[in-house]
Amino acid sequence: VQTLDNQKQSRDAKRQLPRTGSRSGKGGDNRVKVGNALKMTCLVREDEDDELADALMELKNSRGSLFVIALTQEHRYIGLYAVDSDSFSAVRVHGKGPSVISVENVITFLKYHQAIKSFSVVTVDDFNSNTDAVVIQQ
C-alpha cells in the first residue's frame with residue numbers, strides 16, 4: 001500500500017522531463033520548452049499522468065529538433081508533432097490528432113511562455129523556432 005508521500009513522489013517522477021543531453025537552444029531546438037508546456041499547461045490533471053509520461057518519452061526519443069503541440073480551439077491537448085522542415089509540415093509523434101499537419105490546417109500559431117505558463121499568438125505563417133504550439137482545424 002502506497003502512502004500519500006509515495007504516491008506524490010511516484011506522480012512527480014512521471015512528470016519529470018527526461019534528460020536528453022545538452023539543450024542549448026541552438027539550431028531552433030525547443031524540446032525542453034515543449035516538454036515544460038506539456039507538464040505545466042497541457043497535461044496537468046492527475047488523470048493525464050500516463051499520457052504525459054508517454055508524450056515526454058516520445059519527445060525524448062524523437063530525432064526531431066523542432067516540435068509543436070497541437071491544441072483544440074479551447075487549448076486542449078490533441079497531440080505532439082515533430083516539424084519536418086523539408087515539407088513544411090508536422091508529423092505526429094504522440095496523441096490522437098491527424099498523422100500530419102500542414103500549415104493549411106493551422107488556425108493559430110502559438111508561442112509558450114514558461115515564466116507565466118501560458119501560450120500567446122505569434123504572427124507567423126509557418127512552423128519555425130518561435131512556434132511551440134498550434135491550434136488546428138478539426
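**Basis of the entries.** I am working from a predicted model, in which local features need pLDDT of at least 70 and side-chain atom pairs count only at pLDDT 80 or more, while totals for chains, interfaces and linings use all residues. I number residues from 1 along each chain as its sequence is written, and side-chain values use heavy atoms, with hydrogens and water left out.

**T72 and its surroundings.** I place T72 in the loop between β1 and β2, the strands and helices being DSSP runs (E, at least two residues, for strands; H or I, at least four, for helices) numbered from the N terminus. Leaving aside residues up to four places away in sequence, I find T72 touching I78, V135 and Q138, contact meaning heavy atoms within 4.5 Å.

**The sheet.** I then traced an open sheet of 7 strands with mixed pairing, in the order β4-β3-β2-β1-β7-β5-β6, where two strands pair if DSSP finds at least two bridges between them. Its edge strands, each pairing on one side only, are β4 (100–102) and β6 (118–121), and neighbouring strands are turned by 35° against each other on average, direction ignored.

I noted that β1 (residues 67–71) runs antiparallel to β2 and is joined to it by 5 bridges, with F67 having A82 of β2 as its bridge partner. On the β7 side (residues 133–136), β1 runs parallel over 3 bridges, and there L71 is partnered by V135.

For β2 (residues 77–84), I recorded that 7 of its 8 residues are buried, so this strand is largely enclosed by the rest of the structure. β2 also pairs with β3 (residues 89–95) in the antiparallel sense over 6 bridges, and Y81 stands opposite R92 in β3.

**Positive phi values.** I kept in mind that most residues other than glycine have a negative phi. In the hairpin of β1 and β2, with 5 residues between the strands, H75 takes a positive phi near 65°. In the hairpin of β2 and β3, which has 4 residues between the strands, F88 has a positive phi near 55°, and F88 counts as exposed at 55% relative accessibility. I also looked at K117, in the loop between β5 and β6, whose phi is positive, near 50°; K117 counts as partly exposed at 43% relative accessibility.

**The helices.** How do α2 and α3 pack? I find α2 (residues 31–42) and α3 (residues 49–61) at an angle of about 175°, with their axes 10 Å apart, the axes being lines fitted to C-alpha atoms, for helices over the stretch in contact, and angles running from 0 to 180 degrees between N-to-C directions. That makes α2 roughly antiparallel to α3, a term for angles over 145 degrees. R31, V34, G35, L38 and K39 of α2 meet L52, A55, L56, L59 and K60 of α3.

Terms used. Parallel < 35°, antiparallel > 145°, perpendicular 65-115°, else oblique. Buried < 20%, exposed > 50% of the residue type's maximum accessible area, 1.4 Å probe, protein only.
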